[in-house]
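Let's take a walk through a protein structure together.

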Amino acid sequence: MKNRSGEKIKLASIDELLGVVNEESAMEIEISNIHPFKNHPFKVLDDEKMQDLVESVKINGVLTPVLLRMDENEDYEMVSGHRRMHAAQLAGLTTIPAIVRELSDDDAIVAMVDANIQREELLPSEKAFAYKMKLDAMKRQGIRTDLTCVQNEHKSGKKSRELLGEQVGISSVQVTRYIRLTELIPELLDLVDNKKLQFTVAVDISYIDKEVQGWIYEYICDTGFIKPKQIAALRNQLNDGPINQIQMLSIFNNCVMAKKVSRSLTFSEKKLTKYFPDDYTAKDMEQVIESLLEKWMQEQSC
């Protein structure tokens, strides 16, 4: 609806967008007294974007306060603002503006993930561990159990996985696939991040024992590839029992054995007509050639 003539439009403040209540105010906190969030899943990289942020901090300072909480040891724990704090350190600052909020462990996890999850450049590994952390927190916050329902379910009636999918804009199935990546060994997960291992193949590998995952990683390093049909064949074999590395290599090699080369042979009309009368049709010539070849094959077998 259009606003009435002369009526002022109220825009949300930065604090409101960040979820900062009116009673909260920023204070300068010594950076040396702040430690990162436990198991923080998002990487803080010294890339070009970080350098741009450092230059901005040098000129303008840290414009948006970071969000902290007091942990069980009464130390400051970073909830949201790891990149800003890193930029402040690189810029030579010793303090940073911060909001200190009282948060439970699960509330802090949700706030930490929500503050970072919408970034476009997130790696698959970052999404994987972030989704897992938030999903576990949501289950603990909204679990409902009774005699007829033992699945994790939110008070709204939706499962936590469905709610998380809606919040991040993907299906609950895709949420599950991302979380499966947390079952990969670090070396394989790095390949996914570097786009050297297909996402769907990585999900399939995640169901395999980690020792065998190590063999798979060695195979990829040696050959430069792994194909979906190789992993499918391996998983089928593993359903029948454990295998060793030599057996795995045999399975992989059988899946990629060179196909029989397709051979085509063509005779031009000019080449054939010199062997046949002018009144022979193409069909006539074909029949003669086939009969001669059959006779030749019989002679070869004798």
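Predicted model: local features only at pLDDT ≥ 70, side-chain atom pairs only at ≥ 80, totals over all residues.

Residues are numbered from 1 along each chain as its sequence is written, and side-chain values use heavy atoms, with hydrogens and water left out.

Start at strand S1 (residues 27-30), which runs antiparallel to strand S5 (residues 95-100) and is joined to S5 by four bridges. Strands here are DSSP runs of E with at least two residues, while helices are runs of H or I with at least four, numbered from the N terminus. Two strands pair if DSSP finds at least two bridges between them. Glu-28 has Pro-97 of S5 as its bridge partner. S5 also pairs with strand S3 (residues 66-70), this time in the parallel sense, over three bridges.

Now look for Glu-48 in helix H2 (residues 48-60). Is Glu-48 buried or exposed? Glu-48 is exposed, because its relative accessible area is 65%, and exposed means over 50%, buried under 20%, and partly exposed in between (1.4 Å probe, protein chains only).

Finally, find Phe-276 in the loop between helix H13 (269-273) and helix H14 (282-301). Phe-276 counts as buried because its relative accessibility is 14%. Phe-276 and Val-288 are 12 residues apart in sequence, and their C-alpha atoms are 9.5 Å apart in space.
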